[in-house]
Amino acid sequence: MSIDVWFVMLPGVLSLDMTGPAETFVLAGDAFRLHYIGPQPDVPTSIGLTMSGIQPLPERVPEGSLLVLPGVSDSRTQFSTPQALQIQHWLMRLQPAIQRRDITMMCVCSGALLAAKSGLLNNRQCTTHHDVISRLRTAAPTATIKENRIFVQDENIWTSAGITSGIDLALYMINRLCGPEKALAVAREMVVWFRRSGDDPQLSPWLRYRNHLHPAIHRAQDALTAEPQKTWSLPDIAALAHVSPRHLTRLFQSHLGISVRDYLEQLRLAVAEQWLLQGRGVEQASLAAGFSSPRQYHRARQRSIS
């Protein structure tokens, strides 16, 4: 089932604030269904092109939707226009659904100001572009503003910093909604790195060590993540990566700061934790994840937290 994503379009919309996340969601395939809505059918963008075919603001947004508020090129004036005021009133009507968490909201760059002016960031943690921080404090005096963050989550409301951070947040949303494998595939297609906010929970090992562009390491990681429970030898992994075992060891240390063995162990720990959460016993979860025994699993887990 596809997730509806609603991009709210105002005159002066920052093109990358909109197209960056939109392209990211599109690359996730049929997992998302995109809509572009606003108070007028044609919207001039920050780069001088006009986008047409904008649909009117709907009376209601279906439960489970993702609402995206991109920034604009001049938020001092373009968030005070009659069109912006119309969107503010529309967002206020959606406030009960957002508070019930029926709708997830994602603000890119100065889009957080539009949310603040609509009362949606009261008593929330949030962030925005560094040039807009002071105005966000004024617009949302009860909010806790986080500086120097790529993105910040407060329940079902997400805010991000400037421009390209919308891509980071869209990737993270794909990770949460569709799983790390889908997010990783999209990131590799886009040739971008995963980045994280200091407030975010640590990413799973499927994503944590993927902030590189080395093809041999990716080949090795692809094989290990596909079958972490398999009995792997270093020569087997190196053969799939098309490098020597010694060279693969050097690549992992220099690019990831971790050994091949430790990387595989972290994957197996994540698999074991998933089995445990599904109600499996420790022995069954350990063996299913590729550990030789529960004792080996406990030793690996102790190393991971020490």
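This is a predicted model: local features need pLDDT of at least 70, side-chain atom pairs count only at pLDDT 80 or more; totals for chains, interfaces and linings use all residues.
Trainee: How many helices and strands does the protein chain have?

Mentor: The protein chain has 14 helices and 10 strands. Its C-alpha trace spans about 65 × 40 × 35 Å along the principal axes. Of its 306 residues, 50% count as buried.

Trainee: How many aromatic pairs does the structure hold?

Mentor: Eight aromatic pairs. Take Phe7 and Tyr36, whose ring centres lie 5.5 Å apart with planes at 25°.

Trainee: Why is the pair of Phe7 and Tyr36 called stacked?

Mentor: Rings pair if their centres lie within 6.5 Å, and planes under 30 degrees apart count as stacked. The centres here are 5.5 Å apart and the planes at 25°, so the pair is stacked.

Trainee: What makes this pair a tie between parts apart in sequence?

Mentor: Phe7 lies in strand β1, residues 3-8. Tyr36 lies in strand β2, residues 32-37. The pair therefore ties together parts that are 29 residues apart in sequence.

Trainee: How do you know whether Phe7 is buried or exposed?

Mentor: Buried means under 20% relative accessible area, and exposed means over 50%. Phe7 has 0% relative accessibility, so Phe7 counts as buried. Tyr36, at 26%, is partly exposed.

Trainee: Why is the pair of Phe151 and Trp158 called tilted?

Mentor: Planes under 30 degrees apart are stacked, those over 60 are edge-to-face, and the rest are tilted. Here the planes are at 50° and the centres 6.2 Å apart, so the pair is tilted. Phe151 is buried at 0% relative accessibility. Trp158 is buried too, with a relative accessible area of 2%. Ring pairs link Phe151, Trp158 and Tyr172 into a cluster.

Trainee: Where does the charged end of Lys230 sit?

Mentor: Over the ring of Trp232, 4.4 Å from its centre. The distance cut-off for this is 6 Å.

Trainee: What makes α6 and α7 roughly antiparallel?

Mentor: Helix α6 is residues 165-178 and helix α7 is residues 180-190. Their axes cross at roughly 150° and come within 6 Å. Angles over 145 count as roughly antiparallel. So α6 and α7 are roughly antiparallel to each other.

Trainee: Which residues meet where α6 and α7 touch?

Mentor: From α6, Ile167, Leu171, Ile174, Asn175 and Cys178. From α7, Pro180, Lys182, Ala183, Val186, Ala187 and Met190. By class, that contact has nine nonpolar, one polar and one charged residues.

Technical notes: Residues are numbered from 1 along each chain as its sequence is written. Side-chain values use heavy atoms; hydrogens and water are left out. Rings of Phe, Tyr and Trp (its six-membered ring) pair if their centres lie within 6.5 Å; planes under 30 degrees apart count as stacked, over 60 as edge-to-face and the rest as tilted. Helices (H or I, at least four residues) and strands (E, at least two) are DSSP runs, numbered from the N terminus. Buried means under 20% relative accessible area, exposed over 50%, partly exposed in between (1.4 Å probe, protein chains only). A charge sits over a ring if NZ of Lys or CZ of Arg is within 6 Å of the ring centre and within 35 degrees of the ring normal. Axes are lines fitted to C-alpha atoms, for helices over the stretch in contact, and angles run from 0 to 180 degrees between N-to-C directions. Angles under 35 degrees count as roughly parallel, over 145 as roughly antiparallel, 65 to 115 as roughly perpendicular and the rest as oblique. Contact means heavy atoms within 4.5 Å. Ala, Val, Leu, Ile, Met, Phe, Trp, Tyr, Cys and Pro count as nonpolar, Asp, Glu, Lys and Arg as charged, and the others, Gly among them, as polar.
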